[in-house]
Amino acid sequence: MTLTVGIIANPFSARDIRRVIADASSVQIADRANAVLRVLAGLFACGVTQAVMMPDRSGLLQHVLRGLSRARNQGLQRYPDVTPLDMPLWGTVEDTRAAATLMRAGGVGAIIALGGDGTHRAVVSACGSTPIAAISTGTNNAFAEQSEHTVVGLAVGVAVTGRVPADLAFRANKRLDAAIGGTTHIALVDIALISDRHVGAKALWRTETFRELYVTFADPTLIGMSAIAGLLEPVSRQEPFGLQVMFAGEGAGARPRAILRAPIAPGLIAPIRLADWRRIAPGEAIVPRLEAGSLAFDGEREITFSRNEKVSITLRDGAFRSVDVAACMRAAATHGLLREEIMNEDAVGGPLLLAAFAAQ
C-alpha cells in the first residue's frame, strides 16, 4: 500500500475583524499555495510520493496543481503526486470536517492542516486517531507551533515513514469539552465565556465582555486568550492540568484583583481586569458562573446559551495526536536520517551512497 499524507489548507483563514482593528496583514491565495508546495517538498524529500488534498472554491488547489505541473515541465522531481479529494463543497467549515473524515477513512499517515485554530479544531473533531500537523496561517494561532513549512513537511515525512518511532514522533494533546444541550463542542486551546448573547463577527476583541476562560495550556509567548492565561501562570502542553481564569468585568460591583496588559490580537494589547485564576485537573467537570452569554472556542464565538441551558466544561488528557515537529527533527539530526554517507570508492570499486536512515 502506497503511503499517503493528507493536506487541508483553509483558503479563508486570516480574514477576521481582528485584522481590521489591529496591525496584521492578510495571506493571499498565491502565498498559501506556496506554503503547501514547501510542505510537499519536505514530504517528497523523505520518500512520501502520494498526497491527497481538500478541494476549494477559491482556486488554492489549482494554484498548487499548477506549481506541480510547472516543476514537472522543468524536469524537476520535487513533489509528491497530489490527488484532489472527491467530495462536495459547502464553502464552510464543513468542507474541512468532511475532508478530515475522508482522509481518516482512507488511512492517510497524517493530516497536515494549514489555517488558524478554528481550522485545526475542525480537523481534530473528525480525524480520530490520525495524527495532525498544524501550520499557522490564521490571525491568532495558539495551537500550531512555529516551524517553517518545509521543516513541517520533513518532520511529517520521517514520522509517517517510520524512521522516527511513533512514541517519539507523535504527541498526545489535551482538549476542552463543553457540554450544552446534549451536544459536546471541543476546543484545542481555550474556551472563553463572554457576556454578549450574539455571535456576530465571531472573533474576540472586546475585553469588557470577557467573563471566564479555560485553557489546555498557557503560553506567554503567544497572542490571544491563551496569552492572558500564560502571563498569569504558564502551563505547558505536556503538564497534566489546565487553567481557569475569572475576569472582573465592568461596573461598580466588579472589583478586579489585578489588571493585566495582554496581546489579544496582532498589534492589539489590551488591559484585562482579573478576578482570580486557578489550575484545573483532567476529568474535572466545571459549571461556569456566567448564567447566560456566548461560548467562544479557540478565539471564535460559536454558540449562545441562556439561563435555562446548563453548561459544563471538562479538560480531557490524551484526546488526540499531533506530530511533534521538534522531536522528529532532533531525531533526524541525531540519527542522520537526512544524511547520506559516501563510502570509500576504492573499497567498493566505485562510488556508493548509503542513506543513513537505511542503517537504523
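Reader: Which residues of α5 are buried?

Author: In this predicted model, the buried residues of α5 are D117, G118, T119, H120, R121, A122, V123, V124, A126 and C127.

Reader: What share of the 360 residues of the protein chain counts as buried?

Author: The share is 52%. The accessible surface of the chain comes to about 16000 Å², and carbon and sulfur atoms contribute 50% of that surface. The secondary structure comprises 10 helices and 18 strands. Among contacts with a separation of 6 or more, 68% join residues 24 or more positions apart.

Reader: At what angle do helix α2 and helix α3 pack?

Author: Helix α2 (residues 29-45) and helix α3 (residues 60-73) pack at an angle of about 50°, and their axes are 9 Å apart. That angle makes α2 oblique to α3. The crossing of α2 past α3 is right-handed.

Reader: Which residues of α2 and α3 meet?

Author: On the α2 side they are I29, A30, R32, A33, V36, L37 and L40, and on the α3 side L60, H63, V64, G67 and L68. By class, the residues of this contact divide into 9 nonpolar, 2 polar and 1 charged.

Reader: Is T314 buried or exposed?

Author: A residue counts as buried under 20% relative accessible area and as exposed over 50%. T314 has a relative accessible area of 7%, so T314 is buried. T314 lies in strand β16, residues 311-323. Leaving aside neighbours within four places in sequence, T314 is in contact with R175, L176, D177, G283, E284 and A285.

Reader: Where is K310 placed, and is K310 buried or exposed?

Author: K310 sits in the loop between β15 (300-305) and β16. With a relative accessible area of 62%, K310 is exposed.

Reader: What separates the C-alpha atoms of K310 and G181?

Author: The two C-alpha atoms are separated by 7.1 Å, while K310 and G181 are 129 residues apart along the chain.

Notes:
Residues are numbered from 1 along each chain as its sequence is written. This is a predicted model: local features need pLDDT of at least 70, side-chain atom pairs count only at pLDDT 80 or more; totals for chains, interfaces and linings use all residues. Side-chain values use heavy atoms; hydrogens and water are left out. Helices (H or I, at least four residues) and strands (E, at least two) are DSSP runs, numbered from the N terminus. Buried means under 20% relative accessible area, exposed over 50%, partly exposed in between (1.4 Å probe, protein chains only). Contact means heavy atoms within 4.5 Å. Accessible areas come from the Shrake-Rupley method with a 1.4 Å probe; for residues, only the protein chains shown count as cover. Axes are lines fitted to C-alpha atoms, for helices over the stretch in contact, and angles run from 0 to 180 degrees between N-to-C directions. Angles under 35 degrees count as roughly parallel, over 145 as roughly antiparallel, 65 to 115 as roughly perpendicular and the rest as oblique. A crossing is left-handed if the near helix is turned anticlockwise from the far one by less than a right angle, and right-handed if clockwise. Ala, Val, Leu, Ile, Met, Phe, Trp, Tyr, Cys and Pro count as nonpolar, Asp, Glu, Lys and Arg as charged, and the others, Gly among them, as polar.
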